[in-house]
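Thanks for coming, everyone. Please have a look at the sequence and the structure on the screen. I will take you through a few places in turn.

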Amino acid sequence: MPITRLTDSKNISTDEVLVVGFAQSDNGPELLEAAVALEAATKTEINEAIKLLNFAGKKSEITFLTIKSGILCVGLGKISKTQPLEMETLRRAAAVAARSLVGKKSALFALPTQTTVATQAVAVGVELGAYTFTEFKTKNEKNNESLKQANILVQDLFINKASFEEAQIIAESVKNVRNLVNTPPSHMYPETFANYVKKSFKKNSKLTLEVLDERALKRQGYGAIIGVGQGSINPPRLIRLAYKSRGAKFHLALVGKGITFDTGGISLKPPASMHTMKCDMAGAATVIEALRAIMNLDLKINVTAYAALAENMPSASAQRPSDVVTTYGGKTIEVLNTDAEGRLVLADALARAQEDKPDLIIDLATLTGAATVALGSRTAGIMSNKDEARDQVFASAKETGESMWPMQIPEESRTILDSKTADIANVGFTPNPAGGMMVGAAFLNEFVDEKTPWVHIDIAPPAFNEGAPYGYNGFGGTGVGVRTLVHLAQKLSG
Ligand code: BES
Ligand code: MN
Ligand code: ZN
């Protein structure tokens, strides 16, 4: 991972690659002015060289010039008065550049960081773009490591200091989520997840950490979490991590689905769609890491994160399709499909969150494959019992460049779940693939009081990137959701 810092010096050391940005125009690529102007001679040299190449300056297009110790050109697309440079475009371009600098010692990012917001976008992009996960590679295979040193050129170090530090705090949390998601289920199960939280949050007066183990969960009536976890030799956990800030006026509850591996249970998944299911604890990782960033940013808001952790396995002790479980809130669920386990653990966790009387509950979950059918593999679905709350989350998602889209929870999604035996079933009695993302939301909706604003974010599509890298996301965990939650907390704090 690169050591990233700000610099106000355009001097390039030997072995250092210069990264410059281009706009796309009718007259060919246009070299964009960096925060500190480069020498006219350098600019001329770059412009002469780029002419000979097939480079237009399209968004995230890159090309390498072998001038001096190397110049990496990255496109930022069309820019005009009516079409100003978007921060997401800059973030992605910085990321694509950083990713392509694998094995390089140092790079000077001379991108258009004329504002502190732009500096932050470049810093986040560099950090996330250069991310790699090498934890389980033996030493000899680690020589293709990412860029070692990233220097971001700005005009004024002092003015940019705060937004740069903010970028680092946020990027750290996003990368932590990626690490948690990418860690294989052989190493990441409810107990080790809880140990990570215990170890990585140093005790301080603003924090309270409670971890319920399987015995406590049973004793206190968390029947749904117990039911999902009972097929595994790795018992479930429920984490409650509370951050309290003096003078805070808003209490935000964040609830995360934490299935450390989802085989489907007795309703076993086909092998082809099983190996990516180590990502099924992404929601839990995201709420914990969003809280960390909010704490590190010292935001004036109370945040409580709940991580509902279990491993969904088939075994002699696993729950059966048609079993009935009693949730923490007292409602009963008929488990018609053991693969719809996320909503089960969330039912308990939402009821528990409700007890703390938060002003807003947001849950994040890799809940349904249907979300991907509806929205494609890069966009999360936002659903809510209050349009206003949903729109607030949507606005924060747009501001941070995280792709999310609002969806409704139609009435018919709920009636599908009527059960002949219990209060509600976890799936429809007759298999019905239509609108599965909303059915999931309709189920969760039953476990929150209608007076409490609640937002459900189905992150199943974007949480894990199985395809080629795009923007600041490489292969594997993306850490989606952290930046939206932190942005929302910033809006709600004060
Ligand atoms: N964890 C899965 C959903 C998922 C699918 C996440 C693809 C990430 C990528 C979830 O527990 C699940 O199995 N959902 C079922 C629900 C169905 C049984 C109603 C699904 O989507 O098939
Ligand atoms: Mn499942
Ligand atoms: Zn699942």
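**The zinc site**

Let's start at the zinc ion, ligand 3: its site is octahedral, with angles of 79 to 173° among its six donor atoms. Keep in mind that this is a predicted model. For reference, ideal angles for six octahedral donors are 90 or 180 degrees.

Which residues coordinate the zinc ion (ligand 3)? They are Lys257 through NZ, Asp262 and Asp280 through OD, and Glu341 through OE. The distances run from 2.0 to 2.4 Å. Along the sequence, the spacing of these donor residues reads K-x4-D-x17-D-x60-E.

Now look at aspartate 262. This residue bridges two metals, the zinc ion (ligand 3) and the manganese ion (ligand 2). The two ions lie 3.1 Å apart. Next, take aspartate 262 together with glutamate 341: this pair links distant parts of the chain, 79 residues apart. Aspartate 262 sits in strand S10, residues 251-262. Glutamate 341 sits in the loop between strand S13 (332-335) and helix H9 (342-355).

Buried or exposed, what is aspartate 262? Aspartate 262 counts as buried, because its relative accessibility is 2%. Glutamate 341 is buried too, at a relative accessible area of 0%.

**The sheet and its helices**

S10 brings us to the sheet. This is an open sheet of eight strands with mixed pairing. The order is S8-S9-S11-S10-S14-S18-S15-S16. At the edges are strand S8 (207-212) and strand S16 (404-406), each pairing on one side only. On average, neighbouring strands here are turned by 15° against each other, direction ignored.

Zoom in on one pairing. Strand S15 (residues 380-384) and strand S18 (residues 454-458) run antiparallel, joined over four bridges. Which residue of S18 is the bridge partner of glycine 381? That is aspartate 458.

H9 lies across S8, strand S9 (237-243), S10, strand S11 (302-312), strand S14 (360-365) and S18. H9 runs at about 155° to S10. Helix H14 (residues 482-492) also packs on the sheet, where it touches S10, S14 and S16. The direction of H14 makes about 175° with that of S14.

How many of the eleven residues of H14 are buried? Nine are, so H14 is largely enclosed by the rest of the structure. Among them are Val482, Arg483, His487 and Leu492. Just after H14 comes glycine 494, with a positive phi of about 110°.

**Aromatic pairs**

Last topic. The count of aromatic pairs comes to six. One of them is phenylalanine 133 with phenylalanine 136, a tilted pair. Their rings are 6.0 Å apart centre to centre, with 45° between the planes. Both residues are partly exposed: phenylalanine 133 has a relative accessible area of 25%, and phenylalanine 136 has 41%.

Now phenylalanine 464 and phenylalanine 475. Why is this pair edge-to-face? Because the planes stand at 75°, with the ring centres 5.7 Å apart, and edge-to-face needs planes over 60 degrees apart. Phenylalanine 464 lies in strand S19 (residues 464-465), and phenylalanine 475 in the loop between S19 and strand S20 (476-477). The pair therefore ties together parts that are eleven residues apart in sequence. Phenylalanine 464 counts as buried at 10% relative accessibility, whereas phenylalanine 475 counts as exposed at 57%.

Note on methods. Residues numbered from 1 in each chain as written. Chains lettered and ligands numbered in written order. Predicted model: local features only at pLDDT ≥ 70, side-chain atom pairs only at ≥ 80, totals over all residues. Heavy atoms only, no water. Donors = N, O, S within 2.8 Å, 3.2 Å for Na, K, Ca; no water. Tetrahedral: all angles 85-135°; square planar, octahedral: opposite > 155°, others 65-115°. Helix = DSSP H or I, 4+ residues; strand = E, 2+ residues; numbered from the N terminus. Buried < 20%, exposed > 50% of the residue type's maximum accessible area, 1.4 Å probe, protein only. Pairing = 2+ DSSP bridges. Axes fitted to C-alpha atoms, helices over the stretch in contact; angles between N-to-C directions. Contact = heavy atoms within 4.5 Å. Phe/Tyr/Trp six-rings, centres within 6.5 Å; stacked < 30°, edge-to-face > 60°.
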